[in-house]
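Have the sequence and the coordinates open side by side as you read.

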Amino acid sequence: MQATRRSTFSRFPPRLQEAIVSRLGWTSLRPVQEEAGAAILDGKNAVVLAPTAGGKTEASMFPLLAQLMERPHRALGAIYIAPIKALLNNQAQRLGMYCEMVGLDRFLWHGDVTASERKRFLKEPCELLMTTPESLALMTSYEDADQYFKHLKYVVIDELHAFLHTKRADLLSLNLERLRSFAPKVKRVGLSATLADKKTAKDWL
C-alpha cells in the first residue's frame, strides 16, 4: 500500500503555518505552491510556471522562509532577483510582510538606494536581499564578497523569461557562478508567467 505524501504546508514550521492562516486567511496552498514547495524543501532547483496572480511568489518564498527560519538570523540566506527596479519596489512591501510574519527581514538594493543604506546592510545583513543583476554584479565584485554570501542558500529569479536570449542573461549567469563559488550548495528557482521555451529555461537555470 502506497503511503500518502505529506503536504508541503504541513512541512512548514508551525510559526509559518500559523502566520499564513492568521495573516493571509489561507487554509491550504494552491497546487503549484504544493508542488514547487516540495521541490524546494527537498533541496532541488526549480522552474515555477503559473499565470499572473497564480501564486508563483508564494510558491518560492514560503519554502525559502521555512528553511531560513532554521538558520542563524541576520545572515543572508536568499536573494530575489528581478529585471527592473519597478518590480522590486512593487514586491518590497509584500516580501517584507512575509519575512516579518516569521521574524525575518529583507533589504532592497538597487540604484536608488543610498550608499549609507548599502553600507549598513553589508555591516548588518538580513535574511533576504532583493536586487537586480547589475546591482548584484557590483556586490559580487567586492573584495570581501565571500563573507557576504557564504551562508547563501537560494537565488530566486523572477520574470525569468525577461532574461533568456538577452545580453543580461550573460551577466546573470556570471553572477550565479560567482555566487556558487562563495556558496557551492546554493540552489536556483526561476519564476515566469509567460515562458514559452520551458526546456531552454530549465537547462539555462
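## A buried threonine

Thr131 counts as buried because its relative accessibility is 0% (buried means under 20% relative accessible area, exposed over 50%, partly exposed in between, with a 1.4 Å probe and protein chains only). You'll find Thr131 in strand E4; helices (H or I, at least four residues) and strands (E, at least two) are DSSP runs, numbered from the N terminus. Setting aside neighbours within four places in sequence, Thr131 is in contact with Ile79, Tyr80, Ile81, Ala82, Leu88, Trp109 and Leu136, where contact means heavy atoms within 4.5 Å.

A word on ground rules: this is a predicted model, local features need pLDDT of at least 70, side-chain atom pairs count only at pLDDT 80 or more, and totals for chains, interfaces and linings use all residues. Residues are numbered from 1 along each chain as its sequence is written, and side-chain values use heavy atoms, with hydrogens and water left out.

## The sheet

Six strands make an open sheet in the order E1-E6-E5-E2-E4-E3, with parallel pairing; two strands pair if DSSP finds at least two bridges between them. At the edges sit strand E1 (46-49) and strand E3 (106-109), each pairing on one side only. From one strand to the next, the twist averages 15°. Angles here run from 0 to 180 degrees between N-to-C directions, and axes are lines fitted to C-alpha atoms, for helices over the stretch in contact.

E3 and E4 run parallel and are joined by four bridges, with Leu108 opposite Met130 in E4. To get from E3 to E4 the chain goes through helix H6 (residues 115-123), a right-handed β-α-β crossover: with the strands pointing away from the viewer, the path from the first strand over the helix to the second runs clockwise. Strand E5 (residues 154-157) and strand E6 (residues 187-192) also pair in the parallel sense, over four bridges, and Val156 stands opposite Val189 in E6. Helix H5 (residues 85-101) lies across strand E2 (78-81), E3 and strand E4 (128-131), running at about 170° to E3.

## Cores

The largest nonpolar core has 37 residues, and Phe12, Tyr80 and Leu128 have the most contacts inside it. A nonpolar core is a set of buried Ala, Val, Leu, Ile, Met, Phe, Trp, Tyr and Cys residues joined through side-chain atoms within 4.5 Å. Apart from this core lies another, of 30 residues, among them Phe121, Leu160, Phe163 and Ala201.

Not counting residues up to four places away in sequence, Phe12 touches Gln17, Ile20, Leu29, Leu41, Phe62, Pro63 and Ala66. Ring pairs also link Phe12 into a cluster with Phe9, Trp26, Phe62 and Tyr98.

## Aromatic pairs

Rings of Phe, Tyr and Trp (its six-membered ring) pair if their centres lie within 6.5 Å; planes under 30 degrees apart count as stacked, over 60 as edge-to-face and the rest as tilted. The count comes to nine aromatic pairs by this rule. One of them, Phe107 with Trp109, is edge-to-face at 6.2 Å centre to centre and 80° between the planes. Phe107 and Trp109 are both buried.

Most residues other than glycine have a negative phi. Ala53, though not a glycine, has a positive phi of about 65°; Ala53 is in the loop between E1 and H4. Glu159 isn't a glycine either and has a positive phi of about 50°.
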